[in-house]
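Let's take a walk through this protein together, starting with the overall fold and ending at the ligand. Keep the 3D view open as you read.

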Amino acid sequence: MIAHTSRLRLETLSEAHASAMFPVLSDERLYAYIPDVRYVSVEALQERYRRLERGSLSPEELWWNFIVFRHDLPTPIGYVQATLMPSLRLAEVAYVLSPLHWGRGYATEALSWLISEIGRRGDIDRAQAQIDQRNFASIAVVRRLGFMFSRTMVEETSIDTLFERGLNLPA
Ligand SMILES: CC(C)(COP(=O)(O)OP(=O)(O)OC[C@H]1O[C@@H](n2cnc3c(N)ncnc32)[C@H](O)[C@@H]1OP(=O)(O)O)[C@@H](O)C(=O)NCCC(=O)NCCS
């Protein structure tokens with residue numbers, strides 16, 4: 001699937017995106033507040049993307065992963081993802097953008113599209129985002145899109161805030 005917003009193109013993640021995404025994901029600034037694994041090579045990221053492309057093995061979960069491009073640049077700038085749990089009528093969302101493109105509203109634009117797309121299914125009522133409480137940029141993104149504080153979660157290396165919104169709001 002390929003979708004367009006005013007400034008972005010979102011492509012369903014595939015193994016073919018790994019070589020262009022590897023340099024994007026190699027920037028250490030991405031990992032200040034997220035516990036994600038670092039991939040040591042393009043091949044390792046390809047393997048990860050193959051796994052994501054195959055999707056969840058559980059019938060209870062759907063994995064959505066989209067690579068984000070600007071219309072005016074050939075290389076990707078990041079990704080957005082959602083884990084959909086229709087039996088709970090719930091989706092968890094996450095997003096990572098290259099620091100080269102921070103502060104221009106791209107994460108907000110990409111997440112807004114993702115939320116609308118999830119809402120169109122009709123079987124999910126709520127979206128949640130779990131965010132390190134020091135990650136002010138990410139908190140600004142979800143707040144701008146109408147997410148509200150749900151609860152605090154104490155994790156191994158961080159204290160996170162769970163934000164939540166209903167999908168019947170305009171995204
Ligand atoms: C979080 C992230 C996706 C934001 O991307 P982005 O494209 O810069 O986001 P946007 O430009 O859409 O919005 C950023 C918002 O944060 C605000 N912001 C940026 N830095 C900030 C800071 N240090 N303190 C407070 N607010 C900040 C901006 O003003 C903007 O808010 P506004 O729209 O109300 O003005 C990006 O920083 C990122 O990829 N970080 C690393 C991965 C990560 O932490 N992902 C989130 C996991 S929960």
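Predicted model: local features only at pLDDT ≥ 70, side-chain atom pairs only at ≥ 80, totals over all residues.

Residues are numbered from 1 along each chain as its sequence is written, and side-chain values use heavy atoms, with hydrogens and water left out.

Let's begin with the fold. The protein has 4 helices and 8 strands; here helices (H or I, at least four residues) and strands (E, at least two) are DSSP runs, numbered from the N terminus. Along the sequence they follow the order β-β-α-α-β-β-β-α-β-α-β-β. For 171 residues, a compact globule would have a radius of gyration near 16 Å, and the 15 Å of the protein agrees with that.

How much of the protein is buried? Of its 171 residues, 47% count as buried, where buried means under 20% relative accessible area, exposed means over 50%, and partly exposed lies in between (1.4 Å probe, protein chains only). The protein exposes about 9200 Å², and carbon and sulfur atoms supply 54% of that area; accessible areas come from the Shrake-Rupley method with a 1.4 Å probe, and for residues only the protein chains shown count as cover.

Now for some of the loops. S14 sits in the loop between β2 (8-12) and α1 (18-25), and it counts as buried because its relative accessibility is 19%. Leaving aside neighbours within four places in sequence, S14 is in contact with Y49 and E53. Further along, D72 is in the loop between β3 (62-70) and β4 (76-85). D72 has 52% relative accessibility and so counts as exposed. Its side chain makes a polar contact of 2.8 Å with the side chain of R70; a polar contact is a pair of N or O atoms within 3.5 Å, and within protein one must be able to donate a hydrogen and the other to accept it, with residues adjacent in sequence counting only if both atoms are side-chain atoms.

R89 belongs to the loop between β4 and β5. R89 has a positive phi of about 55 degrees although it is not a glycine, and at 33% relative accessibility it counts as partly exposed. T157, in the loop between β7 (148-154) and β8, counts as exposed at 66%. T157 and R144 are 13 residues apart along the chain, with their C-alpha atoms separated by 26 Å.

Strand β8 (residues 159-166) holds E164. Which side chains does E164 join through polar contacts? One is R126, at 3.3 Å, and another is Q128, at 2.8 Å. Not counting residues up to four places away in sequence, E164 also touches others, including A127, G146, F147, M148 and S150.

Finally, turn to the ligand. Of the 21 residues around it, L97, G103, G105, T108 and R144 come nearest; a residue is near a molecule if one of its heavy atoms lies within 4 Å of it. β5 (90-97), α3 (106-121), β6 (126-132) and α4 (136-144) each supply at least two residues of this shell, and α4 gives the largest share, 6 residues. By type, the shell divides into 13 nonpolar, 6 polar and 2 charged residues; Ala, Val, Leu, Ile, Met, Phe, Trp, Tyr, Cys and Pro count as nonpolar, Asp, Glu, Lys and Arg as charged, and the others, Gly among them, as polar.

Look next at the individual atom pairs. A backbone N or O atom of Y95 lies 2.8 Å from a ligand nitrogen atom, and a backbone N or O atom of L97 lies 2.8 Å from a ligand oxygen atom. In R144, a side-chain N or O atom is 2.7 Å from an oxygen atom of the ligand. The protein covers 71% of the 960 Å² of accessible area that the ligand has on its own.

Terms used
Contact = heavy atoms within 4.5 Å. Rg over C-alpha atoms; globule rule 2.2 N^0.38 Å.
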